[in-house]
Amino acid sequence: MVGIDQVLEKLSTVIDPDLKKDIVSMGMIKDLELNDGALKFTLELTTPACPFNVEIEDDVRKAIADISDLKNFELKVTAKVMEGRSLDDDTSMKTVKNIIGVASGKGGVGKSTVSLNLALALQQTGAKVGLLDADIYGPSIPLMLGMKDGSMQVEENKLQPADSHGLKVVSFGFFADQSNQAAIYRGPIISGILKQFLVDTAWTDLDYLIVDLPPGTGDIPLTLAQTIPITGILVITTPQDVASHVAVKAVSMFEKLNVPILGVVENMSHFICPNCDDKHYIFGEGGGLKISEQFKIPFLGEIPLNAGIMSGSDSGKPIMITNPDSPSAVAFRKSAKNIAAQCSIQAAKLQEEMKAESSGDSSESTEKETTESAPKAAAKPTPESTTQN
Ligand SMILES: Nc1ncnc2c1ncn2[C@@H]1O[C@H](COP(=O)(O)OP(=O)(O)OP(=O)(O)O)[C@@H](O)[C@H]1O
Ligand SMILES: [Mg+2]
């Protein structure tokens, strides 16, 4: 009669393509029961947005089908997002498992558009998602969500995020008249506002918090990198050389601060002709790929140029909601899955580091001992963490 060892041995042949580890050692098999040849267990995936969810489930079924003398097999598939930021006892924002900063070197490349649609794409997979509009100088998320007159309440000294399409949203634009005055605020005040938005907001349990940053390498991106541990940075660029050259500056700054770079998404990548479905590379080709190769960071997707994206943004109707089957929405969904996969990879690295630390292997800190380092409890990236596939 088949035994549990045999089942686990078979299941260990199933490898998670992102994490490059077998699903048994990753703890993805839960509640396994084997009674008189009747087998049941739960496969707990690392994120509902994993690009390989179907493939992993298929591989599990195939592995089990290989076992003879099983009378019955019941499989339940769930997903529990891994913590991609180290959450020590004294870490703020403990209820947020992953924080993703969306950055660019240059303005107007589509950070806000991409942040919003990615947040919606992740949310549509079943993940719990928040969106923090950290562009205090020029908040655009309320307009893009049709919430120009939206506001946030304060309860028990905590900001209550607004709710839109199931997203938890915080923006400086929700404070009446403030957005017009933001330009006169100086560095320390701007940093203070961002810190409050981060740590004084009643974020409920979130799998992913997307932080839409202003362009460049100023006070706001610096504050994000130095205030709380974050999972990583997503860099947005357009295909033109000029934009990608500036994007390099943003990548370099976060690398210097020891913050992992999750990868790069190229926006306004190409135009799909509505008549012939051909791709036209209006702004040139390969800006995102170039950065990905130069910094050895993953290339996570390309979003087409589409008039619907722009008009949807201006009228407060994001394309992920109004036209979820369009090529643009498909591209956002694909990128969102790749980003979720990168968060799982960061989380797995963190777990390994914690294991190594508790077994006393890593007495030497991998953190740079400089004043520029990411906060103490940050995701302690090793140099390799920015150079994976
Ligand atoms: N893929 C796209 N197709 C068509 N229009 C787009 C696309 N992405 C962004 N846009 C449009 O480009 C403009 C700039 O986008 P967005 O505001 O998202 O850029 P940003 O990088 O956040 O800008 P800023 O640096 O000012 O914060 C907006 O009008 C937006 O609707
Ligand atoms: Mg913006």
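Guide: A term first: pLDDT is the predictor's confidence in each residue, on a scale from 0 to 100. It applies here because this is a predicted model. Over residues 362-374, pLDDT stays under 50. The model still has 19 contacts for that stretch beyond four places in sequence. Residues 376-389 also stay under 50, with 34 such contacts. Where pLDDT is low, the predicted coordinates should not be read in detail. For the protein, the mean pLDDT is 87, and 89% of residues reach 70 or more. Strand 12 (residues 206-212) has the highest confidence, at a mean of 98. Helix 5 (residues 178-181) has the lowest, at 56.

Now the core. The largest nonpolar core holds 94 residues. Leu-122, Ile-210, Val-211 and Val-235 have the most contacts inside it. Helix 12 (residues 327-358) gives the largest share, eleven residues. In soluble globular proteins, nonpolar side chains tend to be buried together.

Take Val-235 up close. Beyond four places in sequence, its contacts are Ala-103, Ser-104, Ala-247, Ala-250, Val-251, Ile-261, Val-264 and Ile-291.

Step back to the whole chain. The protein has twelve helices and 16 strands. Of its 389 residues, 46% count as buried. Take the contacts between residues at least 6 apart in sequence: 77% of them join residues at least 24 apart.

Two buried positions show such packing in detail. Leu-145 sits in the loop between helix 4 (141-144) and strand 8. Leu-145 counts as buried because it has 25 C-beta neighbours inside 10 Å. Setting aside neighbours within four places, Leu-145 contacts Ser-164, Val-169 and Gly-316. Ser-164 is 19 residues away along the chain, yet the two C-alpha atoms are separated by 7.3 Å. Gly-287 belongs to helix 9 (residues 287-295). Gly-287 is buried too, with 26 other C-beta atoms within 10 Å. Gly-287 and Val-265 are 22 residues apart in sequence, and 9.9 Å apart from C-alpha to C-alpha.

Next, ligand 1. Its shell has 21 residues, and Gly-107, Gly-110, Ser-112, Thr-113 and Ser-313 come nearest. At least two shell residues come from each of helix 3 (111-124), strand 14 (261-272), strand 16 (299-305) and helix 10 (307-314). By class, the shell has eight nonpolar, eleven polar and two charged residues.

Last, the backbone. Most residues other than glycine have a negative phi. Glu-156 has a positive phi, near 45°. Asn-258 also has a positive phi, near 70°. Glu-156 is in the loop between strand 8 (153-155) and strand 9 (158-160). Asn-258 is in the loop between helix 8 (241-256) and strand 14. Is each one buried or exposed? Glu-156 is exposed, because it has 6 other C-beta atoms within 10 Å and the cut-off for exposed is 12 or fewer.

Conventions
Residues are numbered from 1 along each chain as its sequence is written. Chains are lettered from A and ligands numbered from 1 in the order in which they are written. This is a predicted model: local features need pLDDT of at least 70, side-chain atom pairs count only at pLDDT 80 or more; totals for chains, interfaces and linings use all residues. A nonpolar core is a set of buried Ala, Val, Leu, Ile, Met, Phe, Trp, Tyr and Cys residues joined through C-beta atoms within 7 Å. A residue is buried if 20 or more other C-beta atoms lie within 10 Å of its own, exposed if 12 or fewer, and partly exposed in between; C-beta atoms are placed from the backbone. Helices (H or I, at least four residues) and strands (E, at least two) are DSSP runs, numbered from the N terminus. Two residues are in contact if their C-beta atoms, placed from the backbone, lie within 7 Å. A residue is near a molecule or strand if its C-beta atom, placed from the backbone, lies within 6 Å of it. Ala, Val, Leu, Ile, Met, Phe, Trp, Tyr, Cys and Pro count as nonpolar, Asp, Glu, Lys and Arg as charged, and the others, Gly among them, as polar.
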